[in-house]
Amino acid sequence: MIKAGRNFVLLAVSLALAACAKVPLATAPIEERAQIETALMRDISVLASDKFAGRQPGTEGEVLTVEYIIGQMQQAGLVSGTNDPGSAWKAPVALVSSTARSSAISIAYEGRTTSLAAEDAAAFTSARRLLVNGASMIFVGFEGETVEPEMIAGKVVVMLGEPGVSPARRARLFEADPAAIITVVEDAEAITATNRAFGRERVFLASEEEKRLSAFVTQAAMQKVLGEEYWNSLIEAAAGEDFAPGPLGAQATIEAVSDRREFNSTNVLGLLPGQVRGSGAVLLLGHWDHLGECRPETSEDRICNGAIDNASGIAVMLELARRLSASGPLDRDVYFLATTAEESGLLGAKAFVEEPPLPLDSIVAAFNFDTVAIAPAGSPVGFVGEGRTGLDPVILEVMLAGKRELGDKQLAERFVRRQDGWALLEAGVPAVFLSSSFGSEIILDPYLSSNYHRLGDELEALQLGGAIDDLLLHEELIRRFASTTAYPAADK
């Protein structure tokens, strides 16, 4: 726990850094900034405490986290935002956890069956067990989009791997419903890397899970099974302009087994009702989840507490709820969404989009809060999502009036698809992510290389100056977008 004295020191350091920065502080008396910092630190200290055990979905840490967020929303004067009397505050999110346990691959060719060694082959599925027994093999080389679906449906597809390209090609090929896909990789080192990537626990939305069978085999193993001359001729043909996919004359048996768990997690939804019915809504969101116990049982400290990622974002959202509620109702509804399973692929945000409590086209603006506590006061603002919505003119106008400098555009662009707002953007909701944490590599890179998703993401790593600036910026933006006078039409 950081003591009050240290809070004052942190604030003093933030103000001193801001005084040296190019950009003046967001307008607010020093006493008010101190009050905001105290409130943020209070929420972060609770959410990032060992008692909450890293806030992993499906654990006791989730139960404590959800209860705390609901309690704070209630105290702030919000009402449930689920619009479901049977499930106040909580919107269930059905998840599936799958961890690879074992696999076996054998290939029959010219009357001989070869079982592939573990260092040469691996197979994965999210199902408890999938088995393909003696299915015909089709070689597609580097092809993906041009393969006829009827050629590969029910077959084992063999494709040549290309780093950075293979995942998209596999996804396209799986659309034709093959029995399995074998990706041929360079060597045993590539199999080891594949086991690291696919062998860890993976979490899916139950509604999106596709029980597929993906296998990986080395070049050397394919040479051994088919013969070096035949295999090399296939590779040479695949590189030619007139290549056409065709049968290998071999059959594959592939089995993959996983430890699988189905469980429900929770999105939390609060609402500050507006006073102009039918005028739309503003949405604030941030993910409450983190990595839980992320170190081996033998470690002295096993908990990744996630003070910055993303207890800080939830704390900013809760403080905005208090401030907006205390100043009276706005024209439009303001929803506050704390999402689950962002760390597993924006799953809570995707679940919100799948089953929204309000029409998505009624959301005039959405603001995401994530990893907000690493920048000193006066830092430039990273505008993640710039140019993708009709919100830009108002945002830039408010930033100019508040003397906030726009940060590195290329840096911000790198994170568009890596935050919850992306799930909303894909669904046509005007969503942006404004944060001084993402305005400069000088600020962001040290965090990414040291404490990001590591044990060091603790209270001692917090820097709240920029978070306070961003809170004040968002407060003005929310008031503007929630006003039917200041923002009369939702120009998406």
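A nonpolar core, as I use the term this morning, is a set of buried Ala, Val, Leu, Ile, Met, Phe, Trp, Tyr and Cys residues joined through side-chain atoms within 4.5 Å. Please bear in mind that the structure before you is a predicted model.

I begin with the cores. The largest nonpolar core holds 96 residues, and the members touching the most others are Leu284, Phe336, Phe352, Phe367 and Phe481. Helix 9 supplies the largest share of this core, 11 residues. To take one member, Phe481 touches residues including Val282, Arg332, Phe367, Leu391 and Tyr487, leaving aside residues up to four places away in sequence. There is also a second, separate core of 32 residues, with Met137, Phe139, Ala180 and Met222 among them.

I turn now to the packing of helix 9, residues 307-326. Its axis and that of helix 3, residues 60-76, come within 9 Å and cross at roughly 20 degrees. Angles under 35 degrees count as roughly parallel, so helix 3 is roughly parallel to helix 9. Tyr68, Ile69, Gln72, Met73 and Ala76 of helix 3 make the contact with Ile314, Leu318, Ala321, Arg322 and Ser325 of helix 9. By class, that contact has seven nonpolar, two polar and one charged residues. The crossing is right-handed.

What of helix 15, residues 465-481? The axes of helix 9 and helix 15 come within 10 Å and cross at roughly 45 degrees; the two helices are therefore oblique to each other. This crossing, too, is right-handed. On the helix 9 side, the residues are Val316, Glu319, Leu320, Arg323 and Leu324; those they meet in helix 15 include Leu471, His474, Glu475 and Ile478. This contact has seven nonpolar, one polar and four charged residues.

Notes
Residues are numbered from 1 along each chain as its sequence is written. This is a predicted model: local features need pLDDT of at least 70, side-chain atom pairs count only at pLDDT 80 or more; totals for chains, interfaces and linings use all residues. Side-chain values use heavy atoms; hydrogens and water are left out. Axes are lines fitted to C-alpha atoms, for helices over the stretch in contact, and angles run from 0 to 180 degrees between N-to-C directions. Helices (H or I, at least four residues) and strands (E, at least two) are DSSP runs, numbered from the N terminus. Angles under 35 degrees count as roughly parallel, over 145 as roughly antiparallel, 65 to 115 as roughly perpendicular and the rest as oblique. A crossing is left-handed if the near helix is turned anticlockwise from the far one by less than a right angle, and right-handed if clockwise. Contact means heavy atoms within 4.5 Å. Ala, Val, Leu, Ile, Met, Phe, Trp, Tyr, Cys and Pro count as nonpolar, Asp, Glu, Lys and Arg as charged, and the others, Gly among them, as polar. Buried means under 20% relative accessible area, exposed over 50%, partly exposed in between (1.4 Å probe, protein chains only).
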